[in-house]
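Student: I would like to go through this model term by term. Please hold each label against its definition.

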Amino acid sequence: MAAAAAGLSWRRVSSFTGPVPRSRHGHRAVAIRELLIIFGGGNEGIADELHVYNTVTNQWFLPAVRGDIPPGCAAHGFVCDGTRILVFGGMVEYGRYSNDLYELQASRWLWKKVKPQAPSNGSPPCPRLGHSFSLYGNKCYLFGGLANESEDSNNNVPRYLNDFYELELQHGSGVVGWSIPVTKGTLPSPRESHTAIVYCRKDVGSPKMYIFGGMCGCRLNDLWELDIETMTWSRPETKGTVPLPRSLHTANVIGNKMYVFGGWVPQSAGGEISAPDGEWKCTGSFSYLNLDTTEWIGLISDCQEDKSNLLPGPRAGHCAVAVGTRLYIWSGRDGYRKAWNNQVCCKDLWYLDTERPLAPSQVQLIRATTNSFQLKWDEVPTVEGYLLQLHADSPVPPVAGNPGTGIPETSVLSSQGGCSVHQSPQSLPSIPYPEMKVDHPSQTNNLIPNNVQVALSSSSKVEGKEKVAAPENKVTQETKKNHADATGFKESNAPSLLPVSTSSAQTSANVGELHDLDKQSVNPDASVSCTVSSTQTMVTQQAVKTESSSTNGAVVKDETSLTTFNSKSEAAETAYVMPSARVSTGQTNDSHSSRAPQRPPAPVKTRDRRWYDVGIFKNNSAVVSQFYLLPEETLNINSKTEGADVLDYRLLKKQDLFPGTVYRFRVAAINGCGVGPFSKISEFKTCIPGFPGAPSTVKITKSVDCIHLSWEPPASPSGNILEYSAYLAIRSTQLQENPSQLVFMRIYCGLKTSCIVTAAQLSNAHVDYTSRPAIVFRISAKNERGYGPATQVRWLQDMKTSGSK
């Protein structure tokens, strides 16, 4: 048991901002994307505020709620359906319980008291606390709880319940009414302060509700199952060691596991569990039930003492919320001090990553220069950093002997060409935040040195972030959740019609976005902009040329071709040796902190081809101008095993990128469980010297019958700019035959840094749906050597308008 617990990487969050709610117990919490929403509970009085914690920015805030604001309550039902939250019952004051139902529209922080119809075959639920309230589909399932038999709230006569109700919801807002389902089998015994979750296997079977534990004069540890399709109750047989009887614990489903934490458990003496009237204590025990095999697995035992503050302390009446595969725990009471005659509540917030992160999207190219790349990839939720690796077309010689001196230890990246992305406070576009500034870290060199204690929080501020972006690279960018279109085109004699090979192997995760909140018809991108001066939002990113005999500029291969091989020898040459990597579990009390992950031994191709670390980054972007060389003694990866020593970046020499060289990139996400799988491989080529850089700071301004497209000259013209060309992706029969081949028409050629795009030209535009509907423009500059890499602009379109284009 101790070994299993040691493998858990709990993190205590200590560096947060905003109005922190007072500690309490009996509260409830749900998650809407990255937001934890907490309501009710109490400690020396019942709380009536609604608190919200942003797990990305580590900020607490109190939204300005309005409408039929409910009174404070504790031990109530609290479920989340999309972006609405339903609250039922609970204790509103000592001895007085409620059976009122409230709805919160989180898209507007609007409360509404709803009045469901009574069931046709009985009475509506009576006032209660400590019941379970579970959501599946468009129905909530209410079970059990504790009622007061006495009409006098000061004369509390408890009655444990095991009644079962179904509440049908209306779509979007409102409810239909209560019903009392006819069930088969034996109902679970009466209880309160139990847990109930709903789980449905992906492959086979109907949805099941599981009820565990609770209180009915003594604590329970029985498990009950309800088949929701047949409405049949049963007692499933379980394997493993069943957790001790408990109440006021929490249960959360992540994947196919039900994680049970804390609660009140019997005080054991000499291995014997006390009698029902014996001593009870709070626990910090942690187990899960595999819902596919119904096997209990203990992770932290009830008797395990933790004096190192690496695990959450014992507690009951806390809240636990799953955000993706990460479990958050906040507050709760840790015992009863008779000398003080009051409840003692915890004030801490913890989280646990239960699985390694998924593979990020392929690395995408924003901009290429002769000796650097500006890269990005889709953000993976609830991760602490990203490991970026590359290998070059030309073998890189190993470094022997001692490390180089005089090399900066904090960064291997050039700060030039960074992109500063400013996002409005609505990281969930349609959920209004209070007036506050949410500064998302700049897309610059957020490099984390290895082998040192570092804060990996995604809310970590970059000092002087308003200044890190070079003036020539003010890039308007789509939200971090969108894919960049890292494609390219060949420009030789500037033809007016141009087929372009683009990547078609892209998917959009859209992590952390709430699109149709409250069923409003809005453009979800309207709140995200950087240099856009118009009412429309667009994204600018650097595109590069496809491979051709003319190598005047950066090259990107069609990413779909990277998963295939031209010959058996190439396939054999790309047989990587990739043992799984682990992140060390050493921690501090800092928020979201960990040691740098143990680096997986470098996968090797034959002929000295191997992957090199670019670094570990806090955010989903990087400006790459260097990478770390491996010391000679690390080259024999066959001698490496899982858990090999961590490479200390400070002891490694660095290698600059070369002009006109092909580099392959891959990225893996890191969380408390370790380094996840790597992304698919992307391949880019640095520019050839002498050609102009890409235009920057592209702006689109919309007028009645046209749009105005403007840009700034390249930061590195490499001579006199002779002309600019602007292109528009258009519909064509060639595009219908091969959707991955965009066709561009030149709409402007001249020395001016702006042009007008007419309504007639726009009527022929192709709407690209690779991520979000957008019209695609490209702008490039020409000098004496020829045309350089282009800036690509995705002008985001409203779904309705884009469909008519």
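Student: Which strands each supply at least two residues of the lining of the largest pocket?

Tutor: They are β2 (28–32), β7 (77–81), β11 (132–136), β15 (195–199), β19 (250–254) and β27 (319–323). Strands are DSSP runs of E with at least two residues, helices are runs of H or I with at least four, and both are numbered from the N terminus. This is a predicted model, where local features need pLDDT of at least 70 and side-chain atom pairs count only at pLDDT 80 or more, while totals for chains, interfaces and linings use all residues. Residues are numbered from 1 along each chain as its sequence is written, and side-chain values use heavy atoms, with hydrogens and water left out.

Student: How many helices and strands does the protein chain have?

Tutor: The protein chain has 5 helices and 58 strands.

Student: What makes a space a pocket and not a cavity?

Tutor: Both are sets of points on a 1 Å grid over the protein atoms alone. In a cavity a 1.4 Å probe fits but cannot get out. A pocket is an open set with protein on both sides within 12 Å along at least five of seven lines. Lining residues have an atom within 4 Å of a point.

Student: What volume does the largest pocket have, and which residues lie nearest its centre?

Tutor: The volume is about 1200 Å³. That is the space filled by probe spheres set on the points, with grid points joined across faces, edges and corners. Its lining has 41 residues, and F78, F133, A196, A251 and N252 lie nearest the centre. By class, that lining has 22 nonpolar, 17 polar and 2 charged residues.

Student: What makes a residue nonpolar, polar or charged here?

Tutor: Ala, Val, Leu, Ile, Met, Phe, Trp, Tyr, Cys and Pro count as nonpolar. Asp, Glu, Lys and Arg count as charged, and the others, Gly among them, as polar.

Student: Which residues does V87 contact beyond its neighbours within four places in sequence?

Tutor: They are F39, C73, H76, G77, F78, D100, L101, Y102 and W111. Contact means heavy atoms within 4.5 Å.

Student: Is L349 buried or exposed?

Tutor: The relative accessible area of L349 is 2%, so L349 is buried. L349 belongs to strand β31 (residues 349–353). Leaving out residues up to four places away in sequence, L349 touches R11, R12, V13, Y53, W60, Y328, I329 and W330. L349 and Y328 are 21 residues apart along the chain, and their C-alpha atoms are separated by 7.2 Å.

Student: Why is C749 called partly exposed?

Tutor: C749 has 36% relative accessibility, so C749 counts as partly exposed. C673 is also partly exposed, at 24%.

Student: How many disulfides does a search of the whole structure find?

Tutor: The search finds 0. A disulfide is a pair of cysteine sulfur atoms within 2.5 Å.

Student: What share of the 805 residues is buried in the protein chain?

Tutor: Buried residues make up 57%.

Methods: Buried < 20%, exposed > 50% of the residue type's maximum accessible area, 1.4 Å probe, protein only.
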